[in-house]
Amino acid sequence: MPEYTILTLIGVVLVVLLELFWARTGIFRTARYWLAMAIVLSFQVPVDGWLTKLSDPVVLYNPDDFSGVRFPWDIPVEDFGFGFAMVTLTLMLWRRAELRESRGAAEWP
């Protein structure tokens with residue numbers, strides 16, 4: 001069973017659902033969010049590419065635990081989903097706390 005693939009998909013879906021139905025911060029509609037994700041990606045690709053390159057890997061993946069799809073530079077595609085979920089959840093919770101503080105705790109649902 002591709003455990004890393006399944007857990008990554010669950011993480012992405014849960015974070016998106018949390019944003020849409022609980023946090024409702026609207027981050028997916030902001031340029032700041034997408035700029036932050038572009039910045040994360042611009043660092044993730046070279047670092048993750050170096051760590052996972054098949055010619056001399058620093059990090060090894062069990063072939064049974066992920067899809068086997070690697071792009072670009074031998075990066076397992078699951079790493080991008082995991083990174084998306086982790087960064088999005090952090091920004092979403094940060095923005096929700098910020099909104100709650102600005103509205104006052106008594107007014108927040």
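This is a predicted model: local features need pLDDT of at least 70, side-chain atom pairs count only at pLDDT 80 or more; totals for chains, interfaces and linings use all residues.

User: Where is arginine 24 placed, and what is its phi near?

Analyst: Arginine 24 lies in the loop between helix H1 (3-23) and helix H2 (31-52). Most residues other than glycine have a negative phi. Arginine 24 is a residue other than glycine with a positive value, near 50°.

User: What is the phi of aspartate 74, and is this residue buried, partly exposed or exposed?

Analyst: Aspartate 74 sits in the loop between H2 and helix H3 (77-103). Although it is not a glycine, its phi is positive, at about 70°. Its relative accessibility is 27%. That value falls between the cut-offs of 20% and 50%, so aspartate 74 counts as partly exposed.

User: Which side chain meets arginine 95 in a salt bridge?

Analyst: Side chains of opposite charge can pair when their charged atoms come close. The count here comes to one salt bridge. For arginine 95 the N to O distance is 2.3 Å, and the partner is glutamate 98.

User: How far apart are arginine 95 and glutamate 98 along helix H3, in helical turns?

Analyst: Both count as partly exposed, arginine 95 at 26% relative accessibility and glutamate 98 at 40%. Arginine 95 and glutamate 98 are three residues apart in helix H3, so their separation is about one helical turn.

Notes: Residues are numbered from 1 along each chain as its sequence is written. Side-chain values use heavy atoms; hydrogens and water are left out. Helices (H or I, at least four residues) and strands (E, at least two) are DSSP runs, numbered from the N terminus. Buried means under 20% relative accessible area, exposed over 50%, partly exposed in between (1.4 Å probe, protein chains only). A salt bridge is a side-chain nitrogen of Lys or Arg within 4 Å of a carboxyl oxygen of Asp or Glu.
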